[in-house]
Amino acid sequence: GGLSTTLEYYGHTLDKTLWSANTVATSPLSIVDVHEKFIEAGCDIITTASYQMSFEGFLSKGYSRIATEQLMLKSTSCALTARENKKDIRDVLIASSVGCYGAHLADGSEYSGQYGLSTDQLAAWHQGKFDILANSGCDIMACETVPCVTECKALCRVISSYESSHRRPELGGWITCSCSSGDTLNSGENFEDAIRAITDPSYERESPALAHWGVGVNCTSPGFIDSLLDIIRDSGNTTGRPIVVYPNKGESWDAVAREWVSSSGYGDAEFAEMVKDWRTQGANVIGVYCVLI
């Protein structure tokens, strides 16, 4: 996480609706450069600049569907280039970012999950983008910042459909939720219901690969993570799955100004101590989301 804010730190002005996704089109070498900085800093997994990508978003900027598909593929090629350029430092995994439905609306909907769409409608919206990114050469998929139970179910359907049609049971990844408290999603629903939906054995019967997908939390205040990890551990059917945690730094998001309020949040030293606790509680994929610098 943190690709967009890192681009801004190095002087890039990001599109207000497409964020770093637009930079893939306008300045792909800048994307490569930031990926390389993450590798140099010690990251073992880098996520592609595809979180905000959508057919609707790029259409509004004048891009055709074919051109949008090429940009989705390019988001992975940027990460692949960075990995190749820095292969003497470490070998990293590339996670293709699948943002939630609300991300493409660019109106803060990922912080409410109030879409008014059914599971079928959300699955249909995600499927095209997911299939393209899953075939882009990435190592794993990162379905992230999911704010509601309905979208968790929709993504499980998307993954199952991809596996059955593309015969790629080895494709792995994670589904991580965004939470507004120590036990609720941004939608106000119980976080436990989301974990139970993702780990529902009926989905695993349709898609055996799902039994190995990670579950967890991202874009959530660090202060809630301990409680959320307890819920993951106690919810059942998570044994053997990666537990993924990459919160923000607890800063408040100003949806009108579209920026993080830097006066709020946790300091670096405090955050580092929290990471130690999360590892003890079973988290084995840990990072930071949104604000790194």
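Student: Okay, what order do the strands of the open sheet come in?
Tutor: The order is β1-β2-β3-β4-β5-β6-β9, 7 strands with parallel pairing. Strands here are DSSP runs (E, at least two residues) and helices are too (H or I, at least four), numbered from the N terminus. Two strands pair if DSSP finds at least two bridges between them.

Student: Before we go on, what kind of model is this?
Tutor: It's a predicted model, where local features need pLDDT of at least 70, side-chain atom pairs count only at pLDDT 80 or more, and totals for chains, interfaces and linings use all residues. Residues are numbered from 1 along each chain as its sequence is written, and side-chain values use heavy atoms, with hydrogens and water left out.

Student: Back to the sheet: which strands stand at the edges?
Tutor: β1 (45–47) and β9 (285–286). Each has a single partner strand, so one side of each is left without a neighbour in the sheet.

Student: How many bridges join β1 to β2?
Tutor: There are 3, and β1 runs parallel to β2 (residues 93–99). For a landmark, I45 stands opposite L93 in β2.

Student: Switching to helices. At what angle do α3 and α5 cross?
Tutor: Roughly 45°, with the axes of α3 and α5 coming within 8 Å. Axes are lines fitted to C-alpha atoms, for helices over the stretch in contact, and angles run from 0 to 180 degrees between N-to-C directions. That makes α3 oblique to α5; under 35 degrees counts as roughly parallel, over 145 as roughly antiparallel, 65 to 115 as roughly perpendicular and the rest as oblique.

Student: Which residues of α3 and α5 meet?
Tutor: From α3, P28, I31, V32, H35, E36 and I39; from α5, K74, C78, A79, T81, A82, R83 and N85. Contact means heavy atoms within 4.5 Å. By class, the contact of α3 with α5 has 7 nonpolar, 3 polar and 3 charged residues.

Student: And which salt bridge partner does E40 have?
Tutor: K86, with the closest N and O atoms 2.6 Å apart. The pair links distant parts of the chain: E40 is in helix α3 (residues 28–41) and K86 in the loop between α5 and β2, 46 residues apart. A salt bridge is a side-chain nitrogen of Lys or Arg within 4 Å of a carboxyl oxygen of Asp or Glu.

Student: How many salt bridges does the whole structure have?
Tutor: A search of the whole structure finds 11.

Student: What about α5 and α7, how far apart are their axes?
Tutor: The axes are 9 Å apart, and α5 (residues 65–85) packs on α7 (residues 119–134) at an angle of about 45°. α5 and α7 are therefore oblique to each other. In the contact, E69, M72, L73 and S75 of α5 meet K129, I132 and L133 of α7.

Student: Last pair: where do α9 and α11 touch?
Tutor: F191, E192, I195 and R196 in α9 meet L228, I231, I232 and D234 in α11. The contact of α9 with α11 has 5 nonpolar, no polar and 3 charged residues by class.

Note on methods: Nonpolar A, V, L, I, M, F, W, Y, C, P; charged D, E, K, R; others polar.
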